[in-house]
Structure formats: structure tokens, C-alpha cells
Amino acid sequence: MNTQSNLEFLNDLMQFSPKGPLVQVFIINAVQTAAKQVAEEPDPATFDTPVYDGKVWQDVAKEILQRMNEKYGPLPPDVAQPD
């Protein structure tokens, strides 16, 4: 059984790759892209689960996206758009 906390696991992911810091860029991009997808979903109820309300989930995504956009700049408009 893995006893790492989520923070410990994420820290390990950010440091594991033989490609070096490129793994960090990948993870940051993945988080920012996912946050954008959730933040821009017109119907927050899409994310409703028995554990959390979709609106709250979307609010969290918006907070993350705002902070990431401030630090890294916004993603291009065509990123995270549905086909």
C-alpha cells in the first residue's frame, strides 16, 4: 500500500523523469488545460458527483486557472476546445 500523501506523490511525479524538468512543464500544462476545460463548461452540473457539486468543482477550476494564467499566461484560445 502506498502511504504517500497527494502532495508527496505530485512532488515525486514532478521529479521522476529522465527527461528532467520537461516533466514539470507537462504536468503544469495538463493541470492548466484541465482547469480550462472545466472552467469553460457551460453546464457545471456535468461535473456533479455524489462526492461534490459540479458548481463547486467548476469554481475550483476557475481559481486554479486564474492563478496559472497569472503565473504562466493564458493558454491559446484553441487549447481545450471540444472537437
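Does leucine 75 count as buried or exposed, and at what relative accessibility? At 15% relative accessibility, leucine 75 counts as buried, where buried stands for under 20% relative accessible area, exposed for over 50%, and partly exposed for the range in between, with a 1.4 Å probe and protein chains only. The model is a predicted one, in which local features need pLDDT of at least 70 and side-chain atom pairs count only at pLDDT 80 or more, while totals for chains, interfaces and linings use all residues. Residues are numbered from 1 along each chain as its sequence is written, and side-chain values use heavy atoms, with hydrogens and water left out.

The chain as a whole comes next. It holds 3 helices and 0 strands, the helices (H or I) being DSSP runs of at least four residues and the strands (E) runs of at least two, numbered from the N terminus. Read from the N terminus, the order of elements is α-α-α. The radius of gyration of the chain is 15 Å, well over the 12 Å that the globule rule gives for 83 residues, so the chain is more spread out than a compact globule; this radius is taken over C-alpha atoms, and the rule is 2.2 Å times the number of residues to the power 0.38. Along its principal axes, the C-alpha trace spans about 40 × 35 × 25 Å. Of the 83 residues, 23% count as buried. Among contacts with a separation of 6 or more, 50% come from residues 24 or more positions apart, a contact being heavy atoms within 4.5 Å.

Leucine 75 itself is placed in the segment after α3. Setting aside neighbours within four places in sequence, leucine 75 is in contact with Asn29, Gln32, Thr33, Lys36 and Asn69. Tyrosine 52, by comparison, is 23 residues from leucine 75 in sequence and 27 Å from it in space, C-alpha to C-alpha.

Tryptophan 57 is found in helix α3, which covers residues 54-72, and with 37% relative accessibility it counts as partly exposed. Between the C-alpha atoms of tryptophan 57 and serine 5, which are 52 residues apart in sequence, the distance is 21 Å.

Side chains of opposite charge can pair when their charged atoms come close. The count comes to 1 salt bridge under the rule that a side-chain nitrogen of Lys or Arg lies within 4 Å of a carboxyl oxygen of Asp or Glu. The side chains of lysine 55 and aspartate 59 meet in a salt bridge, at 2.7 Å from N to O. Because lysine 55 and aspartate 59 are 4 residues apart in helix α3, about one helical turn separates them. Lysine 55 is partly exposed, with a relative accessible area of 40%, and aspartate 59, at 29% relative accessibility, counts as partly exposed too.

The loop between α2 (22-39) and α3 contains proline 50. Is proline 50 buried or exposed? With 89% relative accessibility, proline 50 counts as exposed. The C-alpha atoms of proline 50 and isoleucine 64 are separated by 22 Å, the two residues being 14 residues apart along the chain.
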